[in-house]
Each structure stands twice: as C-alpha cells, then as structure tokens.
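Subject: A structure for you to look at

Hello,

Here is the structure I promised to pass on. Please open it next to this email and follow along as you read.

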Amino acid sequence: VRAARGMYGGESARHARALYAACGLSVPEGFAAMPDHLALLLELEAFFLEADDASAARTLVCDHFDWLGAYDAMLAARAEQAADAPAFDMTKRRDLAQGIAFMRTMVRSMDRAVHAWAANAA
C-alpha cells in the first residue's frame, strides 16, 4: 500500500476502496476520487473498532496512517515559508500561521492517537 502515495487513484486509494467493498460499505460520492481521504480512513478505523476487529484496525493504521508525521513536517516547513512571504500582509501571515498551527495540532493528535492505540492493542 505504501507505493504511489499521494496519488489520486493510486494504490492506497484502490486498497481503501477494496476495504470498503469487503466490509459492505460504499465510498460517499463526494469522496469518489479520494477513497483514502483521512476522514474516511478514520471512519473505517471506527468501523473496525466497533466491530471488535482489532487486527483489521491495527492493519489499517500500519497501512494508511504512516504519513501523518511527514505531513506535519511539511506543514511546519510551509509555516516558515508563509511567515516570510512578501506577498502576504501581516494579517494574512498571522491568519495563515494560526491555521497551520491548528492543522498541525490536529495531525499530531491523530498520529499519536492511532499509533498509540495500535501499539497498545498489539
């Protein structure tokens, strides 16, 4: 699943679509091009946990949530770039910095939570 990361219709997307189909679920129409969207993967994780299928939940975490740390690092780099962007006025820079900080908090929280759960459930 790790090959072709970040590509629409890539291996991760095909795998997520197959998981949904195997569970008798369908990908919502609004997510048809991105069945491996984080929101859907979190819902699938919840589905496995509610079904008491810890093995499937752990596998999903290992196969589909390993990119969160790298995404956080990319957001940190973008925050630094935005802070110095001459095209933005101070208000825009502040707003962008606050938005990125919020997103980083959410990403780090999800990363810690799903990986801590997977480690404890093993």
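In what order do the elements of the protein run from the N terminus on? They run α-α-α-α-α. The protein has five helices and zero strands, where helices (H or I, at least four residues) and strands (E, at least two) are DSSP runs, numbered from the N terminus.

Before we go on, two notes on the source. This is a predicted model, in which local features need pLDDT of at least 70 and side-chain atom pairs count only at pLDDT 80 or more, while totals for chains, interfaces and linings use all residues. Residues are numbered from 1 along each chain as its sequence is written, and side-chain values use heavy atoms, with hydrogens and water left out.

The overall picture

Along the principal axes, the C-alpha atoms fill a box of roughly 50 × 35 × 25 Å. Of the 122 residues in the protein, 25% are buried; buried means under 20% relative accessible area, exposed means over 50%, and partly exposed is in between (1.4 Å probe, protein chains only). If you take contacts (heavy atoms within 4.5 Å) between residues at least 6 apart in sequence, 55% of them join residues at least 24 apart.

The core

The largest nonpolar core has 21 residues. Such a core is a set of buried Ala, Val, Leu, Ile, Met, Phe, Trp, Tyr and Cys residues joined through side-chain atoms within 4.5 Å. Leu-44, Phe-48, Leu-60, Phe-65 and Leu-68 touch the most other members. At least two residues of this core come from each of helix H1 (11-22), helix H2 (38-50), helix H3 (54-64), helix H4 (68-83) and helix H5 (90-121).

How H3 meets its neighbours

The axes of H3 and H5 come within 10 Å and cross at roughly 135°. Axes are lines fitted to C-alpha atoms, for helices over the stretch in contact, and angles run from 0 to 180 degrees between N-to-C directions. H3 is therefore oblique to H5, because angles under 35 degrees count as roughly parallel, over 145 as roughly antiparallel, 65 to 115 as roughly perpendicular and the rest as oblique. On the H3 side the contact is made by Ala-54, Ala-57, Arg-58 and Val-61, and on the H5 side by Val-114, His-115, Trp-117, Ala-118 and Ala-121.

What about H1 and H3? Their axes come within 12 Å and cross at roughly 165°, so H1 and H3 are roughly antiparallel to each other. Ser-12, His-15, Ala-16 and Leu-19 of H1 make this contact with Leu-60, Asp-63 and His-64 of H3.

Two loop residues

Asp-52 is found in the loop between H2 and H3. Although Asp-52 is not a glycine, it has a positive phi of about 60°. Is Asp-52 buried or exposed? Asp-52 is exposed, with a relative accessible area of 71%.

Pro-28 has its place in the loop between H1 and H2, and at 35% relative accessibility Pro-28 counts as partly exposed. Pro-28 and Leu-40 are 12 residues apart along the chain, and their C-alpha atoms are separated by 8.9 Å.

Enjoy exploring, and write back with any questions.

Best wishes
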